[in-house]
Amino acid sequence: MWTQRIKTGLVITTTAAASLLLLSACGPSPSPAGTSSAPPTSSSASPTSASPTATTSPSPSGSATSSGPATEGQCKAASLTAATDSTGGGAAGSIYEKLILTNSGTTSCVLEGFAGVSLTADANGAPIGEPATRETTTPVTKIELAPGKSAWAELRYTQAGNYGDCTKVPAAGYRIYPPNDTASLFVAEPHDACSNAGIKLLTITAFQAV
């Protein structure tokens, strides 16, 4: 009988020990010695934290509005004088001459492109016949004209007598519109014009610097 109790007791003791181990395994593990149980501090910024300096710095002052020197205004008829120089000569019934525009104003201006040129009856008269055709072999350049400075374009006049169907009308000279201008200048230079449409007596190149 004693021997039997001892065996039963061992079984109970072993079972109790196993139960204690199982309960211990299911319970919370103790924190390692020397370590804090507090949660680690987050490294991300809180909603009220300031944004990084690189994203909050304003743009450099004036970067969006800075510009180079102001561009001069276009040359207009009111501040120009016009003249022709026919020393270029002629060939095959045509006369080649320089159309010269000079800045007669007090400030610099820009001349760029082609003049409008027509033959006219007088300084106040309407153009006669077809206006000058543009000769595009000379490249267009931007020319800054200081006061007193000039630019020129080549103007060719073809004799009206070269055209058998020309209805001749006397012209007193040229009506000249500077590039991009609706006002005109007059140069007195008598020629025969053709009043009928379709006959082109004049050609003009783009202006060039003197």
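Tutor: A residue counts as buried when its relative accessible area is under 20%, and as exposed when that area is over 50%. The model is a predicted one. Because the relative accessible area of F207 is 1%, F207 is buried. This residue is found in the loop that runs between strand 12 (202-205) and strand 13 (208-209).

The surroundings of F207 come next. Neighbours within four places in sequence left aside, F207 is in contact with L99, L101, L111, G113, F114, A115, T141, I143, A151, W152, A153 and P179.

We may now turn to the cross-links. A disulfide is a covalent bond between the sulfur atoms of two cysteines. The structure holds 2 disulfides, and with bonded cysteines counted along the chain, their pattern is 1-2, 3-4.

C75 is joined to C109 by a disulfide with an S to S distance of 2.0 Å. C75 lies in the loop between helix 2 (53-56) and strand 1 (80-85), while C109 belongs to strand 4 (residues 109-112), so the pair ties together parts that are 34 residues apart in sequence. The torsion about the S-S bond of C75 and C109 is about 90°, and the disulfide is therefore right-handed. Both C75 and C109 are buried.

Another disulfide joins C166 to C194, with an S to S distance of 1.9 Å. This pair links distant parts of the chain, 28 residues apart: C166 sits in the loop between strand 9 (150-158) and strand 10 (168-177), and C194 in strand 11 (residues 185-194). Here the torsion about the S-S bond is about -110°, so the disulfide of C166 and C194 is left-handed. C166 is buried, because its relative accessible area is 13%. C194 is buried as well, with a relative accessible area of 2%.

T120 has its place in strand 5 (residues 116-120), and its relative accessible area is 0%. The side chain of T120 reaches the backbone oxygen of G125 at 3.0 Å. Apart from neighbours within four places in sequence, the residues in contact with T120 are G125, A126, P127, I128, A171, A172, G173, Y174, R175 and F186.

Technical notes:
Residues are numbered from 1 along each chain as its sequence is written. This is a predicted model: local features need pLDDT of at least 70, side-chain atom pairs count only at pLDDT 80 or more; totals for chains, interfaces and linings use all residues. Side-chain values use heavy atoms; hydrogens and water are left out. Helices (H or I, at least four residues) and strands (E, at least two) are DSSP runs, numbered from the N terminus. Buried means under 20% relative accessible area, exposed over 50%, partly exposed in between (1.4 Å probe, protein chains only). Contact means heavy atoms within 4.5 Å. A disulfide is a pair of cysteine sulfur atoms within 2.5 Å. A polar contact is a pair of N or O atoms within 3.5 Å; within protein, one must be able to donate a hydrogen and the other to accept it, and residues adjacent in sequence count only if both atoms are side-chain atoms.
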